[in-house]
Amino acid sequence: MQRHPRLAPRKRTKATPASPRTSVPRAKRAAPQRKPTGSTQPQPSVGQNAAVLLERYQETLRKLAQSEALNSGNLPQAFQAITEACCQLLQVERASIWLFTKDHASIILIDLFESGPQRHSAEMVLQSAHYPTYFRSLASEERAIAAHDAFKDPRTKEFARTYLAPLKIGALLDAPIRQKGKVVGVLCTEHVGTTRQWTIYEKQLTSSLGTMATLAMEAAERREVEQALRVAKEAAEVANRAKSEFLASMSHEIRTPMNAIIGMADLLWETPLTPEQRKYLRIFRRAGGTLLNLINDILDLSKVEAGHLELESISFDLSEVIDKAIEVLAMRANEKGLELACHLAPNVPCFLIGDPTRLTQILINLISNALKFTEKGSVIIRVTNDAEARTPGTIRFSVSDTGIGIPADKLNTIFDSFTQAHPSITRQYGGTGLGLAISKHLAERMNGRIWAESAVGKGSTFHCSVALQVQAHPSAQKPAPQINLAGVRTLVADDHPTNLLILRETLGAWGAQVTEAGNGATALDELQCAAEQGTPYELLLLDCRMPGMNGFQVAEKLKESSLGKGLTVIMLTSDHWADDIARTYDLGLGGYLVKPIRRSDLFQTIGIALGRAKGTPPPATVEPLDPASPTATRALRVLLVEDSPDNQLLVRSYLKQSAHSLDVADHGAIALEKFKNGHYDVILMDMQMPVMDGYTATRAIRQWERDHDLPPTQIIALTALALKEEAGKIFEAGCDTHITKPVKKTTLLEVLRAYKGHVA
């Protein structure tokens, strides 16, 4: 038999009729031959005590509604309180609560209270099909079924043989129990003995008690839901902790060998190599970088899904963020022969507040995606104020390419995790489809959005709008490099309109009089015309890869003629590794710039070239170098705590050409003993090690320093740093800072250089 889902089974107890009471209502019930209207004792009593009874009813109901039994969600306890209150208030021998099974095929006795022996029992079952009239009446009854004579009442006489007669029940007052408008049970007030005339007050009271039963059931359901939510929350917290620990572990386990692979490749790049070896090594380094980016994407997506991805809010220069993103991908664009350029609109505020690291990540993802799917042509980045937003600091980044394009029905799905426009894309171009998904999450976290426009075979444009804050006092920031080109007649020759626009705006802002030429032949004609008019050009910027006549051919023509006299020529080259730079020097040109062009590089190169032509020293840098302090030249004693032999060798190689001395410990316990018996200026502490990990070793070192009243040694954590919580654990353990694996040589040397000023 199916039981009510919220109630545990109770011990079956045989129901027995109670002995008669001697109360006034009992005396009334002992004289059934008198008609209720003709009775001279009960009626005046009820009339006189109506106010008292109502007050007692109301007080009992109030206490019941506020009782812990009713509100705790403990359904058996609540039902027992209701049946006891029913017997007490109505002066009856039996009160019971029944609940239907889910299919309404039967009804189960949940609690029966007998006032005589003061006991509770349960678990009688009645089949609904045996009492159709009663249950139809119960469903249609608004308040309560008042059966004064239960044996004769058409609604209850179905129970005469099976229920009423065995228990000697003469009258019933049954209130339906409803939930969400449906009858789910019944509260039965059972008078043992003869008939009984139920009053209107008793009907109302029974109906109210039925409502109390409904409230008790709702409280029980709330408790079940709360308990389920609590269990689910605890399970989610456990899962999140497990996931965080797994991410931290996997990040460390993957990045540790990656640290050795990429680091050794960088060291090998610095050695003498044949052109063929350098070509192989370039592929090796690119593959390592691709794998590292894939690892970073997976970890970032896991952080987003786990809710661990948090954004910083710091001051930064937008132009530096853009330069960094383009610099990372410039080599890839050059290797594919693609034009990569970025136009930053002059009215866009550059001194902003936000998370520059995550903004750089968005830009790198969008530009990298464009480069991946573009075989020829260009990738152009345009940075403007978002015209659809009225808030200052809402910036739109648009990355346009001339690649394969995206079908219209795939424009939305490409931002889903692990999704690309077509399965064949993965086979041909590689990738996981994570970059765009992560960029979408980051843009939304920055109160922005990301979307795409595309035409198959013509290319795509990805737009990303983010809301940043504009710095209130940007003048406190480092001033942008400036050069005085006032009155300098300048010719820019480039076949790409965006490059012409960038150079025109930049040089024009520095005071130059800029003229544009779309190809080499036009540039020569313009130079010839200006010379004939007596207004020759002083500065020429030449793109080396123009169609028809390239920049080097133009430079050779100038060298053969008199047009090059007094003209400073700077070559714009697109291949950092080709022979273009050597050819620039062979032709005696003023200098070269590698595309995409950074403003700071343009400033420095033009300044040096013009200064050399005029015999003046180059312009001073914006940030003069600080004089070296005596402590800055002091070598450091470094203790490396690292269990990976490959990474030990890597750090040794990094420091081989420096003045620093290095000791190595395979785990934290060895490091602690070395620290106690020696003196070190800096400790490089790997955080994940066998025997004793970096956290434990760092805490032990800090405790030993405190016990011996020693100044703290600089401890630098080497970590994968999968989650922000790991950074908190690092600093809580006592580390001063951290370096994220894979550790670059330049990063390590820079950190050690910074710490020279902290040692005596």
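Predicted model: local features only at pLDDT ≥ 70, side-chain atom pairs only at ≥ 80, totals over all residues.
Residues are numbered from 1 along each chain as its sequence is written, and side-chain values use heavy atoms, leaving out hydrogens and water.

**Exercise 1.** Describe how H19 packs with H20.

*Solution.* Let's start with the geometry.
- Step 1: H19 covers residues 668-677 and H20 covers residues 694-707 (helices are DSSP runs of H or I, at least four residues, numbered from the N terminus).
- Step 2: Their axes, lines fitted to C-alpha atoms over the stretch in contact, are 9 Å apart at an angle of about 20°.
- Step 3: H19 is therefore roughly parallel to H20 (angles under 35 degrees, between N-to-C directions that run from 0 to 180 degrees).
- Step 4: On the H19 side, Gly668, Leu672, Phe675 and Lys676 make the contact (heavy atoms within 4.5 Å), and on the H20 side Ala697, Ala700, Ile701, Trp704 and Glu705 do.
- Step 5: Sorted by class, that contact has six nonpolar, one polar and two charged residues (Ala, Val, Leu, Ile, Met, Phe, Trp, Tyr, Cys and Pro are nonpolar, Asp, Glu, Lys and Arg charged, the others, Gly among them, polar).

**Exercise 2.** Work out how H10 packs with H12.

- Step 1: H10 (residues 356-372) and H12 (residues 435-445) pack at about 145°, with axes 9 Å apart.
- Step 2: Arg358, Gln361, Ile362, Asn365, Leu366 and Asn369 of H10 meet Gly435, Leu436, Ile438, Ser439, Leu442 and Ala443 of H12.
- Step 3: This contact has six nonpolar, five polar and one charged residues.

Terms used
Helix = DSSP H or I, 4+ residues; strand = E, 2+ residues; numbered from the N terminus. Parallel < 35°, antiparallel > 145°, perpendicular 65-115°, else oblique.
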